[in-house]
Amino acid sequence: MSDGQGEAYAGLGEWTPESLAVAGEVRTVVSAPHPVLSRAGGDVDPTAEEIIRLAADLVATMRVSPGCVGLAAPQVGVGARVFAVDVTGHPKAVTVHGTFVLCNARVVEATRWKPGREGCMSVPDLTGDVKRASRLVVEGALPGTGAAVRLVTDGFEARALQHEIDHCEGLLFLDRVAGAHAVYQRKVYL
């Protein structure tokens with residue numbers, strides 16, 4: 001598969017967080033209204049040592065956070081277009097690509113829009129109803145190798161990807177709700 005300009009895209013292939021060959025460290029998750037959460041992150045070099053370490057740290061932080069299915073660099077105070085996702089085992093997940101990290105990701109196709117409830121580690125006291133595409137095509141790069149990736153997903157994993165891409169654009173789910181009537185006090189704390 002190609003983008004028409006010569007760059008070939010593939011799926012995740014054999015990539016795993018362990019292929020980063022760096023032990024991730026757990027980082028502190030920042031909460032709104034921290035200013036990094038409202039600024040678009042910059043594009044990164046996915047082969048740079050600091051980005052490989054950041055990718056490993058995002059996975060490590062996500063893994064120790066109960067109920068967490070995604071974590072973006074701005075949520076750990078870094079203004080960069082990098083995020084981790086893993087919806088494995090979530091009851092709403094149908095398509096599951098496992099644990100992965102993408103750099104400089106962008107949505108190239110979004111269809112079948114549906115509302116759904118979202119929460120966020122950076123907005124711990126609230127949830128909200130957000131309309132998102134339930135079928136999604138995303139392109140980005142893998143940290144470490146820099147390999148170009150094209151993921152096709154749907155349902156809950158598609159929602160998680162859009163949520164994390166929004167973080168990289170300086171947006172919270174609260175920026176996407178239809179209004180105050182679609183925001184709720186969180187009933188269950190993870």
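Where does P17 lie relative to α1? P17 lies in the segment before α1, where helices (H or I, at least four residues) and strands (E, at least two) are DSSP runs, numbered from the N terminus. The model is predicted, so to speak of local features a pLDDT of at least 70 is needed, side-chain atom pairs count only at pLDDT 80 or more, and totals for chains, interfaces and linings use all residues. Residues are numbered from 1 along each chain as its sequence is written, and side-chain values use heavy atoms, with hydrogens and water left out.

How confident is the predictor? Here pLDDT is the predictor's confidence in each residue, from 0 to 100. The chain averages a pLDDT of 92, and 94% of the residues score at least 70. Residues 1-6 are another story: pLDDT stays under 50 there, and the model has 8 contacts for them beyond four places in sequence, a contact being heavy atoms within 4.5 Å. Where pLDDT is low, the predicted coordinates should not be read in detail.

Now for the strands. Two strands pair if DSSP finds at least two bridges between them. Strands β2 and β3 run antiparallel and are joined by 4 bridges, with V85 standing opposite F100 in β3. Next, β3 pairs with β4 in the antiparallel sense, this time over 14 bridges. These two strands make a hairpin with 2 residues between them, and C120 has V123 in β4 as its bridge partner. Then β4 (residues 123-141) pairs with β5 (residues 148-154), again in the antiparallel sense, over 7 bridges. Here E139 has R150 in β5 as its bridge partner. β4 and β5 also form a hairpin, with 6 residues between them, and G144 in the turn has a positive phi of about 100 degrees.

Which residues have the most contacts inside the largest nonpolar core? They are L54, V82, F83, F100, L102 and L161, in a core of 43 residues. A nonpolar core is a set of buried Ala, Val, Leu, Ile, Met, Phe, Trp, Tyr and Cys residues joined through side-chain atoms within 4.5 Å. Buried means under 20% relative accessible area, exposed over 50%, and partly exposed in between (1.4 Å probe, protein chains only). At least two residues of this core come from each of α1 (49-63), β1 (70-72), β2 (82-85), β3 (100-120), β4, β5 and α2 (155-168). The most is given by α1, with 8 residues. As for F83, its contacts, leaving aside neighbours within four places in sequence, include L58, L71, F100, L102, L161 and I165. There is also a second, separate core of 10 residues, with L37, V130, F173 and V177 among them. In soluble globular proteins, nonpolar side chains tend to be buried together.

Back to P17. This residue is buried, with a relative accessible area of 11%. Not counting residues up to four places away in sequence, P17 touches V59, R63 and T99. P17 and V36 are 19 residues apart in sequence, and their C-alpha atoms are 25 Å apart in space. R176 makes a handy counterpart. R176 sits in the loop between α2 and β6 (183-185) and counts as partly exposed, at 42% relative accessibility. Its C-alpha atom is separated by 7.6 Å from that of K131, 45 residues away along the chain. R176 also touches V130, R132, D166 and L171, not counting residues up to four places away in sequence.

A few backbone details are worth a look. Most residues other than glycine have a negative phi, and most peptide bonds are trans. Even so, A32 and P33 are joined by a cis peptide bond, with omega about 15 degrees, and P33 lies in the segment before α1. A21, found in the segment before α1 as well, has a positive phi of about 60 degrees although it is not a glycine. A21 counts as exposed, at 72% relative accessibility. N104, in strand β3, has a positive phi near 55 degrees and is partly exposed, with a relative accessible area of 22%.
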